Amino acid sequence: MPQSTPASAPSGRAHALFDRFVQAQTCKETQQNFIELCRHLKVEPRDYKHFYSKLKDRLNYWKAKDLWQKIDKRAAHPDYEQGQACHQHKCLVLGAGPCGLRTAIELALLGAQVVVLDKRVSFMRNNVLHLWLYTIRDLLNLGAKKFYGRFCSGSIHHISIRQLQLILLKLALILGVEVHTGVTFEGLLEPAGGSTGWRAQVSPGSHTAAAFEFDVFISAGGGRYVPDGFKIKELRGKLAIGITANFVNRHTKQEAQVQEISGVARIYNQKFFQELQSEIGVDLENIVYYKDDTHYFVMTAKKGSLLKKGVIKQDFPDVNQLLAPANVNQEALQEYAYDAADFSTDHMLPDLEFAKNHAGRPDVAMFDFTCMHRAENASLVKERKGKRLLVALVGDSLVEPFWPLGTGIARGFLAAFDTAWMVRNWGKGVLPLELLAERESMYQLLSQTTPENTSKNYASYSIDPSTRYPNVSLSCIKPTQVKRLYDIEDCK
Ligand code: FAD
C-alpha cells in the first residue's frame with residue numbers, strides 16, 4: 001500500500017472512537033462510528049489510495065496494532081503488487097452480503113477504487129453459516145477476532161450471517177472501500193459517448209453513487225439476482241423443504257453443555273429420525289444445530305409430516321403454491337420447529353424462546369430447496385463506445401448453496417478470490433477473451449470443491465487459484481469457446 005506521511009498526534013477520543021467502531025453491533029452503528037473516527041482524525045475515506053495508511057499513522061493506538069499487522073501482512077502479498085495491480089481501476093460491487101464484501105476487500109488490496117451498494121440498511125440475519133477451515137484461517141488472518149471475540153471458539157466452526165457481515169464491513173471500511181446502504185441497484189447505464197463511462201442506475205436517483213463511473217461490476221446480490229446477459233441453469237431435484245429456526249441464546253452454563261449437531265442425515269442415523277417421527281410426528285431428512293449468537297437449527301422436512309401437522313394447509317404439486325405464505329400456518333410452523341429443536345437436543349435447552357427476525361417476529365422460516373439456481377457463466381465483458389466493462393458474479397448469485405450442506409461461504413469466498421484474480425489480470429491488460437476463458441476454466445471446478453479436494457496448505461491461500469486448487473488447469477476452456485461472453489456493440 002502507498003505510504004503516507006505521519007500526521008497529528010493521537011488522542012483518548014480517537015481511541016474511544018476506534019473502540020466503538022470495532023465493537024459496533026449494527027451496520028448503522030459501524031458506519032456512524034467510522035465517520036466520526038475519520039472526522040476526528042481528519043482522514044478522508046474517499047482518498048481510498050492513502051486512506052488505510054493515513055488512518056494507521058494517525059491512530060497510534062496499541063489496541064489497533066495487531067490489526068494493522070495482520071492487514072499489512074495480507075497487503076504485502078506479492079499478488080497485490082503493493083496496491084498497484086489495479087490502481088487505475090474502479091469497481092462497483094452490488095451487495096454487502098458476505099461475498100460482496102469479501103470481494104470488495106480483495107479489490108481494495110489490489111489498489112482499485114471500490115464502491116459497494118446495498119439496498120438494505122441493516123444486517124439482520126441471525127441464521128448461521130458453516131465455515132470450512134480455510135475460511136476460518138482467512139478470517140483470522142484478517143483480524144476477525146478483533147471484531148468478534150467469540151469467533152470460532154466453539155467445537156464446530158460457524159458464524160451468524162450478520163456477524164460475518166459486520167466483520168467484513170469494518171475491514172472493507174478500513175481499507176478505503178465506500179459502502180452505501182439503502183441504495184438499490186436498478187441496472188447498468190451504458191456509456192453515453194464522449195467521455196462518460198459505465199454507470200449504475202440507482203434508487204434514490206440523486207445518490208452520489210449514480211455518478212460513479214466504473215470498469216468492473218461485481219454482482220453479489222444474493223440468490224436469484226442475475227444481471228443482464230447471464231443465463232441461469234435450474235437444477236431441479238426431489239422436493240426439499242428447508243426450515244430454519246433461531247432461539248435466544250442466554251449463554252448460561254446449561255446451554256453451554258448442550259451438544260451441537262454438525263449435520264445428521266437420515267441415512268446415517270435411522271433410529272434418531274424414526275423416534276423423532278414416532279414420538280412427536282416430525283419427519284425430517286436431516287438436521288443441523290449450531291450454538292452461536294442464537295441457537296440455530298436448519299432442517300429438511302418431509303411434506304407428509306408438514307401436512308399432517310397442519311404447517312402446510314393444502315397439498316399442491318407446484319412447490320411455489322405449496323409454500324406460498326397463504327398456504328403456511330405460521331403458528332404450526334413454529335410448533336413444528338420448536339418440537340424438532342427440543343427433541344434433537346434431548347430437551348436440554350432450557351426455556352426455548354424464539355429469537356426475533358428483521359420484522360420483530362419469531363425467527364422461523366420455511367424455504368424451497370427443490371430448485372437450485374446456478375449461473376451458466378461466471379463473467380462477461382461488455383464493450384460500448386470503446387469502453388469495456390468486466391462483469392462478474394460471486395456468491396449466491398453465481399451458485400445457490402444448499403444450506404444444510406453449509407457450502408455457501410466456502411464456495412462463495414473461493415469465487416470471490418477467483419474473481420479478484422480475474423480483476424488483477426484485467427488490471428494487467430490481459431485480453432478479454434483470454435481473461436474470460438481462464439475465469440470459466442476455474443468456474444468449472446467450483447461446484448465440485450470440497451474441503452478434501454482443495455489444498456490443505458491454508459497458510460499459502462491467496463487470490464492465485466493455483467494456491468487453492470491442486471492441479472488446476474486454467475486453460476481447459478479456450479478463448480474461442482467464450483466468444484459469446486464478449487459483447488461488443490459494433491459486432492451486433
Ligand atoms: P447475500 O448474503 O444474500 O447478500 C446479497 C446482498 O445483496 C443483500 O444484502 C441484498 O440486500 C443485496 N442486494 C440484492 N439486490 C440488490 C439490489 N438490487 N440493489 C442493492 N442491493 C441488493 N445460508 C446458510 O448456509 N444457512 C442459512 O440458514 C441461510 N439462511 C439464509 C436466510 C436468508 C433470508 C438468505 C437471504 C440467505 C440465507 N443463507 C443461508 C444464504 C447465505 O446467506 C449466503 O450463502 C451467504 O450470505 C453469501 O451470500 P452472498 O453474499 O452471495 O449474498
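**Overall fold and ligand shell**

Buried residues, meaning those with 20 or more other C-beta atoms (placed from the backbone) within 10 Å of their own, make up 44% of the 492 residues in the protein chain. The model is predicted, and local features therefore need pLDDT of at least 70 and side-chain atom pairs count only at pLDDT 80 or more, whereas totals for chains, interfaces and linings use all residues. Residues are numbered from 1 along each chain as its sequence is written.

The protein chain has 15 helices and 18 strands, which are DSSP runs numbered from the N terminus (helices: H or I, at least four residues; strands: E, at least two). Along its principal axes, the C-alpha trace spans about 70 × 60 × 45 Å.

Helix α3, residues 51-58, is mostly covered, with seven of its eight residues buried, among them Phe51, Tyr52 and Leu55. The cover over these buried residues includes α2 (27-41), α4 (62-75) and α8 (161-174), where contact requires C-beta atoms, placed from the backbone, within 7 Å.

Around the ligand there are 31 residues, of which Gly95, Gly97, Gly222, Gly395 and Gly408 come nearest; a residue is near a molecule if its C-beta atom, placed from the backbone, lies within 6 Å of it. Two or more residues of this shell are given by each of α5 (98-109), β2 (113-118), β6 (184-189) and α14 (408-427), and the largest share, three residues, comes from α5. The shell divides into 13 nonpolar, 13 polar and five charged residues, where Ala, Val, Leu, Ile, Met, Phe, Trp, Tyr, Cys and Pro count as nonpolar, Asp, Glu, Lys and Arg as charged, and the others, Gly among them, as polar.

Conventions. Buried ≥ 20, exposed ≤ 12 C-beta atoms within 10 Å, placed from the backbone. Contact = placed C-beta atoms within 7 Å.
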